[in-house]
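User: I am new to reading protein models and would like to learn how to go through one feature at a time. Could you guide me?

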Amino acid sequence: MNISYDYYRVFYYVAKYKSFTAAAKVLMNNQPNLTRMIKKLEYELGCTLFIRQRHGISLTPEGQKLYAHVAVAFEHIQWGEDEIAREKSLQSGTVSVASSEIALHCVLLPALKTFRSSYPGIRLRISNLSTPQAIDVLKKGLADLAIVTEPFELPSDLSCMVLQPIQEVPVCSTSFSLGIGTSLKAVLLKKYPVIGLEEQTGSFSFFSDFFNEIGLPFSPDISAATAYQILPMVKSDLGIGFVPIEFLKKEDMADLVILQMDPPIPPRNICILKRRDMPLSVAAGELEKVIMQKK
């Protein structure tokens with residue numbers, strides 16, 4: 001059968017209100033039109049759906065069976081329409097973001113604070129991952145956006161935009177008897193333990209390339225799981241760590257010493273990635289705008 005959706009819509013409202021007049025008001029139509037459409041539906045189905053009585057109408061057994069299915073369908077459609085309307089007005093919805101540790105603290109958290117205050121009804125799912133993991137999650141469609149730090153290989157099905165540069169510096173505790181601004185050349189660096197991130201992270205790749213250029217292998221004496229674990233290890237006198245300057249802004253620097261690298265550590269970028277073949281939801285698009293405004 002190829003019966004028009006409009007016929008079932010009229011049937012739903014007439015059966016729901018048990019009145020052609022009431023259904024006509026809801027549908028902003030007139031009673032003769034609704035009567036004609038119900039007769040057409042009854043003809044197509046080959047059965048009577050309503051019993052006309054003096055004080056109204058009632059459903060026939062066939063009409064009751066049909067209504068049981070049509071009501072479920074129409075209520076689901078209404079729920080879907082309402083959900084879309086709420087999401088379009090940013091009253092509800094979910095946004096998923098995969099983020100590397102440095103990008104999370106330097107870019108994403110400030111943006112989320114602004115976004116959350118403006119749209120408290122939007123649920124946020126934040127995954128704190130390494131850069132390669134975040135890109136993989138985005139490619140698989142498990143996140144709307146990825147906020148990551150260079151370096152990385154950009155897959156062809158993802159787009160990338162630079163958000164801001166970050167500058168990392170070597171830091172140690174005062175127990176190492178190194179003065180602020182001490183220039184760490186390759187020879188001097190060999191004397192001290194180094195704290196770095198684990199392999200399979202963008203930061204490990206970045207510092208491996210940098211250390212190779214100055215004639216040293218990058219083989220951290222202590223490996224941290226996340227970038228935010230490096231400072232506590234430095235404060236515990238475990239070695240020299242490399243952290244973004246942004247991480248030091250809220251730190252008590254009484255027991256920390258900022259050093260310099262010779263040659264200097266080059267800056268790298270924090271980037272926002274998204275899929276080329278999948279448009280963002282209204283909520284995810286709004287979060288992207290907030291992130292871009294924080295550039």
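This is a predicted model: local features need pLDDT of at least 70, side-chain atom pairs count only at pLDDT 80 or more; totals for chains, interfaces and linings use all residues.

User: In what order do the strands of the open sheet lie, and what is the pairing?

Analyst: A sheet is read from strand to strand across its pairs, and here five strands form an open sheet in the order 4-3-5-14-6, with mixed pairing. Strand 4 (123-128) and strand 6 (158-166) are the edge strands, since each of them pairs on one side only. From one strand to the next, the twist averages 20 degrees.

User: How many bridges join strand 5 to strand 14?

Analyst: Strand 5 (residues 145-149) and strand 14 (residues 268-275) run antiparallel and are joined by four bridges. Within this region, V148 stands opposite C271 in strand 14.

User: Which strands does helix 5 lie across, and which does helix 6 lie across?

Analyst: Helix 5 (residues 101-118) lies across strands 3, 4, 5, 6 and 14, and runs at about 175 degrees to strand 4. Helix 6 (residues 131-139) lies across strand 3, strand 5, strand 6 and strand 14, running at about 160 degrees to strand 5.

User: How many disulfides does a search of the whole structure find?

Analyst: The search finds zero disulfides, where a disulfide would need a pair of cysteine sulfur atoms within 2.5 Å.

User: Is C172 buried or exposed?

Analyst: With a relative accessible area of 0%, C172 counts as buried, because buried means under 20%. C47, by contrast, has a relative accessible area of 23% and is therefore partly exposed.

Definitions and conventions. Residues are numbered from 1 along each chain as its sequence is written. Side-chain values use heavy atoms; hydrogens and water are left out. Buried means under 20% relative accessible area, exposed over 50%, partly exposed in between (1.4 Å probe, protein chains only). Two strands pair if DSSP finds at least two bridges between them. Helices (H or I, at least four residues) and strands (E, at least two) are DSSP runs, numbered from the N terminus. Axes are lines fitted to C-alpha atoms, for helices over the stretch in contact, and angles run from 0 to 180 degrees between N-to-C directions. Contact means heavy atoms within 4.5 Å.
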